[in-house]
Amino acid sequence: MKARISGLGHALGEQETHNHYFVDLGLETSDEWITERTGIKSRYIASEETSTSDLATKAAQHCIQNASIDKSNIDLIIVATSTPDYLSFPSTACLVQEKLKLGPIGAFDLSAACSGFSFALSTARSFIESNMYKNILVIGADCLSKITNFEDRGTCILFADGAGAALVTQTVEGETGGIIDSSLHSDGSKAELLMIPKGGSKYPLNTSITDEKSHYITMDGKGVFKSAISIVIPAIKSMLNKHNLNINDLSYLVCHQANKRILDKIANSIGLDKDKLVVNVTKYGNTSAATIPIALSELNEEKKLQKGDLILLAGFGAGFTWGLNLIEWS
Ligand code: UT7
């Protein structure tokens, strides 16, 4: 028995925000700098009232409709997020369960930053292959704008809000395709490259922390850039080698959308055709755990996914974490 993706959906923050917004905020930046160094032209920011569970629920509803499944057949919800509605508990997955009016099925959050969807998809695959569940709703959802310091030009221009959902279903006898392989990795020695330094159990929130704004994202941009490239390229090559695949066998490479320059460097280094590299960071910015399922959902909506297509998903992000899933579309 294998696991396959049988439906996809996505949702974005309400407010389309262009690069000049940051200039208008009074930051020393420009549309030219942001475009040249990141490829980003716009992103969607959630309204004050919208939280991660709202976007996750919208994406899930879109996914359920796309999968044409009776929602009572869903066995489990996994939400990959770094921006839960509430610090620690209740989980965002429980809130999504209530908003979708599902029965008392299991629902839990998973934390692997921007690699979250890759880790959650692998987790769902294992539950399905072990025959524990048949239909799992896997959601990557983040409202990074809520944990971003809008006075820090090195981070605020990158991050945005969105959610993507995939229904992961057990294949039936004789059905081909599905999730072929997964590989998950972490390197905690690189934890400080991208973090929220304070406000957790090590440095519980107090007014001096909020005054110094250390409860927001801090990032060594260059360090993250270099790590992402040096880690993801060998991981992609190793996955292809393991399955005796050539880069030309891939129909699409869907990487975490952090910076167009990172995507271009990865594609150039592995010799991938430009039209097989999925890029939407230019319109949506970096929505963390949501980037990969949003990109998949868009490919699906545009009817670009054909039965038999080989698709490689590659997430990477804080931790440092990185995770890959090789899929034969069915
Ligand atoms: O999910 C994973 C999350 N994060 C990433 O993947 C991020 C990876 N890193 C990046 O995308 C890039 O490193 C950045 C876009 C964040 C920065 O680009 P860079 O080309 O690596 O710039 P830099 O950090 O080397 O900074 C070069 C200059 C600095 O000024 P000085 O020190 O040379 O005077 C920065 O202060 O650019 C400055 N700078 C900016 N200038 C205008 C940094 N941000 C901005 C900005 N506008 N928004």
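Colleague: Which domains does the domain assignment of the protein give?

Modeller: The assignment gives domain 1 (3-170) and domain 2 (178-328); such bounds come from an automatic or database domain assignment. Please keep in mind that this is a predicted model, where local features need pLDDT of at least 70 and side-chain atom pairs count only at pLDDT 80 or more, while totals for chains, interfaces and linings use all residues. Residues are numbered from 1 along each chain as its sequence is written, and side-chain values use heavy atoms, with hydrogens and water left out.

Colleague: Thanks! How do I read the interface, and what do domain 1 and domain 2 bury between them?

Modeller: The size of an interface is often given as the accessible area lost when the parts come together. Buried area here is the accessible area (1.4 Å probe) that two parts lose on being put together, summed over both. For domain 1 and domain 2 that comes to about 3,900 Å², with 62% of it on carbon and sulfur atoms. In terms of contact (heavy atoms within 4.5 Å), 55 residues of domain 1 meet 49 residues of domain 2. The domain centres, taken over C-alpha atoms, are 14 Å apart.

Colleague: Now the sheets. What is the strand order in the open sheet of 5 strands?

Modeller: Strands (E, at least two residues) and helices (H or I, at least four) are DSSP runs, numbered from the N terminus, and two strands pair if DSSP finds at least two bridges between them. In this sheet the order is S1-S7-S6-S4-S5, with mixed pairing. Strand S1 (3-12) and strand S5 (106-110) are the edges, each pairing on one side only. Inside the sheet, S6 (135-143) and S7 (161-170) run antiparallel, joined by 9 bridges; Asn135, for instance, has Thr169 in S7 as its bridge partner.

Colleague: Which strands does helix H3 touch?

Modeller: For angles, axes are lines fitted to C-alpha atoms (for helices over the stretch in contact), and values run from 0 to 180 degrees between N-to-C directions. Helix H3 (52-67) packs on the sheet, touching S1, S6 and S7, and its direction makes about 130° with that of S1. Helix H10 (291-301) also lies across S1, S6 and S7, at about 100° to S1.

Colleague: And what is the order of the open sheet of 4 strands?

Modeller: That order is S8-S13-S12-S11, again with mixed pairing. Its edge strands are S8 (178-186) and S11. S11 and S12 run parallel and are joined by 4 bridges, and Cys255 has Ala314 in S12 as its bridge partner. Helix H7 lies across S8, S11, S12 and S13, at about 30° to S13.

Colleague: How many residues does the largest nonpolar core have?

Modeller: A nonpolar core is a set of buried Ala, Val, Leu, Ile, Met, Phe, Trp, Tyr and Cys residues joined through side-chain atoms within 4.5 Å. Buried means under 20% relative accessible area, exposed over 50%, and partly exposed in between (1.4 Å probe, protein chains only). The largest core has 47 residues, and Ile236, Leu253 and Ile266 have the most contacts inside it. H7 gives the most, with 11 residues. The core draws at least three residues from each of domain 1 and domain 2. Not counting residues up to four places away in sequence, Ile236 touches Leu253, Ile266, Ile270, Leu312 and Leu324.

Colleague: Is Leu87 buried or exposed?

Modeller: Leu87 counts as exposed because its relative accessibility is 69%. Leu87 lies in the loop between strand S4 (76-80) and helix H4 (92-99).
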